[in-house]
Amino acid sequence: MICAKRVFRCFKTVERWGNKITGAAGPYFVGLAVLLIATGTFAFFDVIAPSLSFPMLSIPICLLIAVNLWAHYYYVITVRPGFIEDPSKEAPDSFLWAKKSNRRRGSLTGGVRWTNTPRITPSTMSRCNRCAKMRPERAHHCRICNRCVLKYDHHCPVRINQCVGLYNERHFVMFMMYLVVATFCFSISGYHKILQALGITFDTNRWPHYTPEVMFAMIYILTVVLCFAVGVMLAWHLWGITNGETSVEAQDHELYSNRAKARDEVFVNSYDLGRKRNLVLFFNVGDGGYPWYTLLLPLRILPYTDGRSWARREGLERHQGLRMGEELTDESEEEEYED
Ligand SMILES: [Zn+2]
Ligand SMILES: [Zn+2]
């Protein structure tokens, strides 16, 4: 046990240094990501797009995918995740912002822009042990940003160099979705071009493109790898969303569930309204939210709540099977996972 503690402390020190380094290197990672996406987009429209069938239909669709990919990437790195001291946001009247399907309905709870059936209750508050500020439930302290983030999911130093939280989590997931769609289309429609670039198919035509063959081959391989890797990450995130959980909560709830089981009780996540309802709430579409077609457009959208109130499962004020005072704090989360 003493040995385990020592290993854990050592691991913590390495992690702290890791955080510092990734925090400092974040802007370079973002620069690299921009460069890679730009090169991939250029290679697609330079090499693959001219050979697509039904260009009148396929080119506009490809352009829409590319615009969505770039817009959601831009939003996810520029839209703040939402810190606990931030005031509630209102959607400005700008062409970048989607318009709600039905504005005439009033809001049920202050700061919550969901107006239909879900039962919405105000958050409980607790004090953060690190920054000593009061924060609503689902907020966690990010050690890299050194602040408490509303509906904290994780800090992403590699691609976006900031936290994923309440206000940018939708753009984060949309970015991953469009990245998977774009890399999938690239891989499928660029198949004959990669064979030509590698000299496998006999083609008397020279290579009439700006992108050199070697570079195209490298981008193609990277695209296939990214499609799989981001596809797995996206599936993991969507699974969490359909369960009404953030990445942090998915870990916490597993532990709560085991504790409840040991007491012959059942843990029920009070934010889980059913798979379909959870997805609709996350993307804030459908009745009371934004129109469904906004999923296809590169627009900014507010979440259904300001992070101070949450939709809850009927009949539950808090998680079932979890006793008062059993909730994990940011520190105890780390310690629990050590055992
Ligand atoms: Zn804090
Ligand atoms: Zn952070």
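This briefing walks through the fold, the cores, the helices and a few individual residues of the structure above. The model is a predicted one, so please read every value as computed from that model. The chain contains 8 helices and 8 strands, and 35% of its 339 residues are buried. Among contacts with a separation of 6 or more, 71% link residues 24 or more positions apart.

**The nonpolar cores**

- The largest nonpolar core is made of 45 residues, and those with the most contacts inside it are Leu 69, Val 76, Val 149, Phe 175, Leu 179 and Ala 182.
- At least two residues of this core come from each of helix H1 (2-48), helix H2 (55-78), strand S5 (147-149), strand S7 (162-164), H3, helix H4 (191-197) and helix H5 (213-242).
- H3 gives the largest share of this core, with 11 residues.
- Another core, of 14 residues, lies apart from it and includes Ala 98, Val 285, Tyr 304 and Ala 311.
- Val 76 touches Ile 160, Asn 168, His 171, Phe 172 and Phe 175, when residues up to four places away in sequence are not counted.

**Helix H3**

- Helix H3 covers residues 169-189, and its 21 residues reach 30 Å from the first C-alpha to the last, close to the 30 Å expected at 1.5 Å a residue.
- Because 15 of the 21 residues of H3 are buried, this helix is largely enclosed by the rest of the structure.

**Helix H5 and Gly 240**

- H5 has 30 residues, which should span 44 Å at 1.5 Å a residue; the end C-alpha atoms are 42 Å apart, which agrees.
- Buried in H5 are Phe 216, Ile 219, Tyr 220, Thr 223, Leu 226, Cys 227, His 237 and Gly 240.
- Gly 240 counts as buried because it has 20 C-beta neighbours inside 10 Å, and a residue needs 20 or more to be called buried.
- Leaving aside neighbours within four places in sequence, Gly 240 is in contact with Glu 245, Thr 246, Ser 247 and Ala 250.
- Gly 240 and Arg 275 are 35 residues apart in sequence, and their C-alpha atoms are 9.8 Å apart in space.
- Gly 244 follows H5 and has a positive phi, near 70°.

**Helix H6**

- Helix H6 runs over residues 247-262; its 16 residues should span 22 Å at 1.5 Å a residue, and the end C-alpha atoms are 24 Å apart, which agrees.
- The residues Glu 249, Asp 252, His 253, Tyr 256 and Ala 260 of H6 are buried.
- Seen down the axis of H6, the buried residues fall within an arc of 100°, so they line one face of the helix.
- Glu 254, Asn 258, Lys 261 and Ala 262 are exposed on the other side of H6.
- After H6 comes Asp 264, with a positive phi near 65°.

**Strands S1 and S8**

- Strand S1 (residues 119-122) and S8 run antiparallel and are joined by 4 bridges.
- One of the residues involved is Pro 122, whose bridge partner in S8 is Ser 309.
- Strand S8 covers residues 309-312: Ser 309 and Ala 311 point one way, Trp 310 and Arg 312 point the other way, and all are buried.
- Ala 311 is also among the residues of the 14-residue core.

**Trp 97 in its loop**

- Trp 97 sits in the loop between H2 and S1.
- With 14 other C-beta atoms within 10 Å, Trp 97 is partly exposed.
- Trp 97 and Leu 299 are 202 residues apart along the chain, yet their C-alpha atoms are separated by 5.3 Å.
- Neighbours within four places in sequence aside, Trp 97 is in contact with Ala 91, Pro 92, Leu 299 and Arg 300.

- An unreviewed UniProt entry carries the annotation "transmembrane region" for residues 21-45, 57-76, 175-194 and 214-236.
- In the model, residues 57-76 are 100% helix and 0% strand, with end C-alpha atoms 29 Å apart.
- Residues 214-236 are likewise 100% helix and 0% strand, and their end C-alpha atoms are 33 Å apart.

Note on methods:
Residues are numbered from 1 along each chain as its sequence is written. Chains are lettered from A and ligands numbered from 1 in the order in which they are written. This is a predicted model: local features need pLDDT of at least 70, side-chain atom pairs count only at pLDDT 80 or more; totals for chains, interfaces and linings use all residues. A residue is buried if 20 or more other C-beta atoms lie within 10 Å of its own, exposed if 12 or fewer, and partly exposed in between; C-beta atoms are placed from the backbone. Two strands pair if DSSP finds at least two bridges between them. The expected span of a helix is 1.5 Å times one less than its number of residues. A nonpolar core is a set of buried Ala, Val, Leu, Ile, Met, Phe, Trp, Tyr and Cys residues joined through C-beta atoms within 7 Å. Two residues are in contact if their C-beta atoms, placed from the backbone, lie within 7 Å. The arc is that of the directions from the helix axis to the C-beta atoms. UniProt positions are given in the numbering used here, feature names are shortened, and annotations may be inferred rather than shown by experiment.
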